Amino acid sequence: MQDIILELKEKQILKTGTFVLKSGQQSNLYLNLRELSFHPRLFKRIATQMAMSLSTSTHAIIGVPWGALPLASLISQCANRPMWLLRKEEKAYGDSSLLLKPSEISSATTNVTVIEDVITTGASTLKAITDLRAEGIYVEEVLAVCIRNRDVKARFAEENISLKYLFTLDDISQNSVKEIPSHKLKLHDVTKSPLIFSADVEDSAQLLHIIESLAEVVKIFKIHADVVHDFNDLTIAKLNQLKRRYQLYLIEDRKFADIGSIMVRQLEQSRYKYTKWADAIICHGIAGRESVEALDRACGYHEIELLVLGEMSSSHNLIDKAYTKKIIEMLPALESCAGVVMQQRPVGLSRQYQICTPGVKIEQGQDQAGQRYRTPEDVIRQGTDFCIVGRGIRQADRPYETACVYMRQIQEAKRQFR
Ligand code: 5BU
């Protein structure tokens, strides 16, 4: 449920401020569920949850007119239960009945569930119930997305009606709402946290666990979503929760490297949905200026920062000095570029670009697959702003304590060499 609430906040369906409600009461939270249909995936999630709590003895569902009708029809589909219609007012012509239901079904033998979006005082829901009772219908339960506070439950209990709901607005603490940053973090905002942890783990549970266990000390995490075999929408929702709770900055290390139009589609249409969670992506400049500029424009649109790869840590990689120089020359044209992935800070490079360096470990050396490691001290001495560390922390017996050791060494080296 927490995920749904967070998504409602993200989509601005749940807002904070000072609001006067229909009932005249004041509130600092406002839930505008009328806009739910603008977001079909979230809408379906909510309807599915509600459909699951529908009473098994309900014959049909009826939405309180008019606001709850789209929701009721979606629940009807999810639960495979018919939806009947209740008019707000009697028509002065034709069939004057308030209730539209199949004529062969007798009212006396039917139980219905009334669907509502938000219940504040319950007045309009109770009016609908009175109208249905006048038609001889037995209302078994009311199912709402949200009630403002629990007091209203007593009102329905008096009427012998069970009231079910997904959440109450009172349960949503003001604090958790305030925690949401109004804008994404920029790499520039996290320079006090010069350690980037490479969370190259195998599944979502490990990913979320390692991020949460390090989040007090590490603020920037680099992910290869495509090595996390079960990376899905739930992973993204939970990543975003962690981002908000700990004010994290997430980098996707996809290393985009194609022509511009394909890189843009890879960014926007990938099953890993980078635009929904990444604060930055890494790209190669191999395809040339125009291609990278196209990706840069898409990044600007999605408020994602671009980190351009200028050098690699692996042995015998094919990047030479001339290539790196051309990458550096490309940067001024890229509006979303926050930094460069390099092994050292190039002489004369503007301070507006952060240098991020992978291949860092307390012990220098090499792995069996081409990776070369330098020490944090060495890398910082060469002008790097952020050290990227993966296995040095992940494979340690105590990753949290080891991350603290890396952080101390980096900060000590910064004091020494800056
Ligand atoms: P390690 O476990 O610290 O070796 O992980 C290094 C990470 O940095 C890993 O995710 C690589 O994809 C990434 N990396 C790198 O190692 N070397 C490079 O030149 C670049 C990225 Br660019």
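1. Start at asparagine 111. This residue touches Ser57, Thr58, His59, Tyr138 and Glu140, leaving aside residues up to four places away in sequence. The structure is a predicted model. Asparagine 111 belongs to strand S6. One of its contacts, threonine 58, sits 53 residues away along the chain, yet the two C-alpha atoms are separated by 5.1 Å.

2. Is asparagine 111 buried, exposed or partly exposed? Asparagine 111 has 14 other C-beta atoms within 10 Å. A buried residue would need 20 or more, and an exposed one 12 or fewer. Asparagine 111 is therefore partly exposed.

3. Now the open sheet. Its 6 strands follow the order S5-S4-S3-S6-S7-S8, and the pairing is mixed.

4. Strand S7, residues 138-147, runs parallel to S8, and 6 bridges link the two. Within this pair, isoleucine 147 faces threonine 168 of S8.

5. A helix packs on this sheet: H4, residues 123-134. Helix H4 touches strand S3 (60-63), strand S4 (83-86), S5, strand S6 (111-119) and S7. The direction of H4 makes about 160 degrees with that of S6.

6. Next, the barrel. It is closed by 8 strands in the order S9-S10-S11-S12-S13-S14-S15-S18, with parallel pairing. On average, neighbouring strands of this sheet are turned by 25 degrees against each other, direction ignored.

7. Strand S14 (residues 337-341) and strand S15 (residues 354-357) run parallel and are joined by 3 bridges. Valine 341 has cysteine 356, in S15, as its bridge partner.

8. Last, the ligand. How many residues surround the ligand? There are 17, and the closest are Met312, Ser313, Pro358, Gly390 and Arg391. Strand S18 (386-389) and helix H13 (391-394) are the elements that give two or more residues to this shell. By type, the shell holds 6 nonpolar, 8 polar and 3 charged residues.

Terms used: Residues are numbered from 1 along each chain as its sequence is written. This is a predicted model: local features need pLDDT of at least 70, side-chain atom pairs count only at pLDDT 80 or more; totals for chains, interfaces and linings use all residues. Two strands pair if DSSP finds at least two bridges between them. Helices (H or I, at least four residues) and strands (E, at least two) are DSSP runs, numbered from the N terminus. Two residues are in contact if their C-beta atoms, placed from the backbone, lie within 7 Å. Axes are lines fitted to C-alpha atoms, for helices over the stretch in contact, and angles run from 0 to 180 degrees between N-to-C directions. A residue is near a molecule or strand if its C-beta atom, placed from the backbone, lies within 6 Å of it. Ala, Val, Leu, Ile, Met, Phe, Trp, Tyr, Cys and Pro count as nonpolar, Asp, Glu, Lys and Arg as charged, and the others, Gly among them, as polar.
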